[in-house]
Amino acid sequence: MVRTKKFLLLLIINYTLCAILCGCTSTYPGDKIRESIVKICKQEYKSDVLVETTGRTMVIYLPLSNLMDFSFALTKEASEKINDVIFSAARVALSTDARINFYCVIAHDIKMPELQIIIIKSVEDVKRLFANDISRGEYMKRMLIDLRWSPQAKKEQVVKEVFSRMNLDPKWQDQVMTDFFKSEPTSLGDIGYWDNKFYIKDITVPEFLAEQIANRVKLEFREGKILKETFLLKSARGVYILRKGKHLFRFDIFAERSTYGTAGTIEDSDKIFETVLSIAAHVIHGYHFKDYDGVEVFDQKEGRSIEVNPEELEAFRTKKLRLNEIGV
Amino acid sequence: MIPRKWKMYIKMYWVKLAIVAAILSVIVLAVVGLNSLESYYRNITLATMPVNLLMVALNAVIFVFMYMTFMKGGFSKLSNKLRVHGDFVDVKWSDVIGMENVKEEAMEVVQLIKDRARVKKIGGKILRGILMFGPPGCGKTYLAKAIATEAGMPFVSMSGSEFVEIFVGVGAARVRGLFKKARELAYGYGGCIIFIDELDAIARKRVFSAFGGTEETNSTQNQLLAEMDGLQEIKDKHGNPSPEQNVIVIGATNAPEDTIDRALRRPGRFDRIVYIEKPGLEDREKLFTYYLSKVEADKSLDVSRLARKAVYKSPADIENIVKEAALVATKNGRDKVILEDVSEAMERIDIGLKRKLKMTPHEREATACHEAGHAVVLYILHPTNDVFKISIIPRKDTLGVTYSQPKEELYSHTKDKLLADIKVDLAGYVSEKMRFGVTSTGVSGDFKDAMRIAHFMVWSLGMSDAGFLGDYTVIPESQISEDMKEKLNEETDKIFKQCIKEVEELLLKEKPILERLISELLSKEELEYDEVEAIFNEFGKTHIKSAW
């Protein structure tokens, strides 16, 4: 008994010593986040990056030389570089005393800067993955990946085209352009890097969730066996809006019906509602998100919509309530 | 130069030191390793460390359990009897109470141990061993510890039975291990005391038989003899006596002295023999004062009365009596121990707890008659003992008891005392016969005792009237003639019958007292000392006892 006590005491002392000697300081101080990421990417992965932070969001710009191959797929080299930068960002975000909720990597080919890959990740998701709280598959679904034309490039092209077609005096073009770009990005879709300038915003949890749910809906319509055969999804857009004092997740779905589909129009709409609500309920529950008053799904094709409050959504998720009981 | 004590520690504890060094290295490496991690991973590692340690410990426990259960035949194999610890004990000389005579002798021993250099200088013989004889519970171990404390030496203790194993050579190996440890301690501290309790387990007279039945005990004892001899021979490189030889062996036993092998008792082994006796009146008073001070006792408690009552009690008995008295006081709802509690405790220990045995009216009467007979003869005839209690409540394996105690310790007994003992034993029988005309099985124990005493008086003590002097029991049975045996047995029988006759006469004469005692016992079941005294006084009997 005495020996057991001594052994336990030794273990406790050992553990305490380790804890004390290791200290509790963060590896990457909050005021040196940018330098830290730049240094890690440079020293460990030979990548030159630029880093900017706003609020609790960290954005990393990664210029690449060969982003895509002839088939519009990412090259192996680019893929590895992007992964390295994502990993570096995760390391710093996890081991800093600054409160970082999201990090975003913007990568583009220097030969074609208009085409950008935007990857957004939640730091909480990374922690939960490390703690085995979520699966790797779920983690991948929680990541936002978008290959798109730079919104800033689009705007610049529009201005130039207007000046060109209307034969306007080019000396005003820069002035117009500056005014045009003065406004800060308002949605996740506006985030980008253009003309040596970051266009970023502080990402919030609800808008991240709205975007993620929309992405998952797209994926479901693309890969779900019945949905794939019944619908042709044209667009799925998710936003978090304030309407009449209520915070709502709103999802606009435009899906064409396949010609050989047998179901009727209303039943098709219900299927869309059922799919979107089911995904939304799963995601919102997965993040333990409570700060919302309802979820609205709008079937643009049929012009029908459904709105459910959080209690109904939870009941729907736990299969205590069916769609027809919510009321369309 | 490394001080001697440090060298000793390194020699003794090099395994432990190596383990501590390894653990420290692991801690340092762990800290360095953790510091090389980024803070998040470090925090995760530290957070999961307790759980990991717990899992490792659990796995280890399961593994050890499985291993010991299936491979090694259970956990009993884990015990290591040769785990010798050298400790500095802290038993002060003043803590040893109740053995003043022995303390003086022991103090002399301590002085001899302390003044080794002086003893050597004048050519005196250095003390090698002390052998303590005495009944159990008299504080032999305590005294040995006090000697160690006074001499300022570490104390290594083992019981004699720990050397005993079924395997030949194990005991000897343990003796070697014990002395090795003691020498290491002596090297560092200038001396060491080995205490072997229950020495008789390894020190009995060796038997040299052709079958080798006791070979293991012999080899253990031989090793002890060799080690004690070897102590004298260790010298350092300059030829000076090494401090490693300053090992004193103290042995303790409650076996008779003549059962210990002579080789161990010769000078150079156990040079000094200390006899520890049960405490006398004064010592008992001190012991009662000491142990009563450890419990909440009534200040007016008469310690000298208690000491007088506790004749032949060892210090351990007295400690037990006080502990029991505290329990009795608690049972009786008192917050202090009073005289009645100690008396009850003493009775509980001596005559046992009361049993709830339902006797028939006749059995009760027979028991009362039997015990009253004992009491009358004891009170009137016995030269040394007092009647402290008469009871017809069953205790242990008896239906009743007459509890008597001598006033003071007696180390020898007269013929009168022995005859009185026989008469007291036979009084129960006579009393039953006088009242009922028949007797019961209750006399069996009394007869056995009476016959044993009578036989002893005639065969060993020459106390018969026929003039047979000498101890006939030492003569081999085959060498005593049948005629002589018959004569001796006749003398035994004569004493026995004479005693019965005298008891009959006495009980007839004192029948009123006898009847009174019987009726009192039947109504009260128990009579205390004062009540007994009052009844006898009522009939004009006074109580004058002497040790002779």
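Of the contacts in chain B between residues at least 6 apart in sequence, 75% join residues at least 24 apart, where two residues are in contact if their C-beta atoms, placed from the backbone, lie within 7 Å. The model is predicted, and local features need pLDDT of at least 70, side-chain atom pairs count only at pLDDT 80 or more, and totals for chains, interfaces and linings use all residues. Residues are numbered from 1 along each chain as its sequence is written, while chains are lettered from A and ligands numbered from 1 in the order in which they are written.

**View 1. The hairpin of strand 1 and strand 2 in chain A.** Strand 1 (residues 50–54) of chain A runs antiparallel to strand 2 (residues 57–64) of chain A, and five bridges join them; strands (E, at least two residues) and helices (H or I, at least four) are DSSP runs, numbered from the N terminus. Leu50(A) has Tyr61(A) in strand 2 of chain A as its bridge partner. Two residues lie between the strands of this hairpin, and Gly55(A) in the turn has a positive phi of about 55°.

**View 2. The open sheet of five strands in chain A.** The strands have the order 1-2-3-4-5 with mixed pairing, two strands being paired if DSSP finds at least two bridges between them. Strand 1 and strand 5 (144–149) of chain A each have a single partner strand, so one side of each is left without a neighbour in the sheet. Neighbouring strands of this sheet are turned by 20° against each other on average, direction ignored. Strand 2 and strand 3 (residues 102–109) of chain A pair in the parallel sense over eight bridges, and Pro63(A) stands opposite His108(A) in strand 3.

**View 3. Helix 3 and helix 4 of chain A across strands.** Helix 3 (residues 76–94) of chain A lies across strand 2, strand 3 and strand 4 (112–122), running at about 155° to strand 2; axes are lines fitted to C-alpha atoms, for helices over the stretch in contact, and angles run from 0 to 180 degrees between N-to-C directions. Helix 4 (residues 123–130) of chain A lies across strand 3 and strand 4, at about 55° to strand 4.

**View 4. The buried residues of helix 17 in chain B.** These are Glu491(B), Ile495(B), Cys499(B), Val503(B) and Leu507(B), a residue being buried if 20 or more other C-beta atoms, placed from the backbone, lie within 10 Å of its own. What covers them includes helix 14 (361–381), helix 15 (415–436), helix 16 (444–459) and helix 18 (511–524) of chain B.

How values were computed:
A residue is buried if 20 or more other C-beta atoms lie within 10 Å of its own, exposed if 12 or fewer, and partly exposed in between; C-beta atoms are placed from the backbone.
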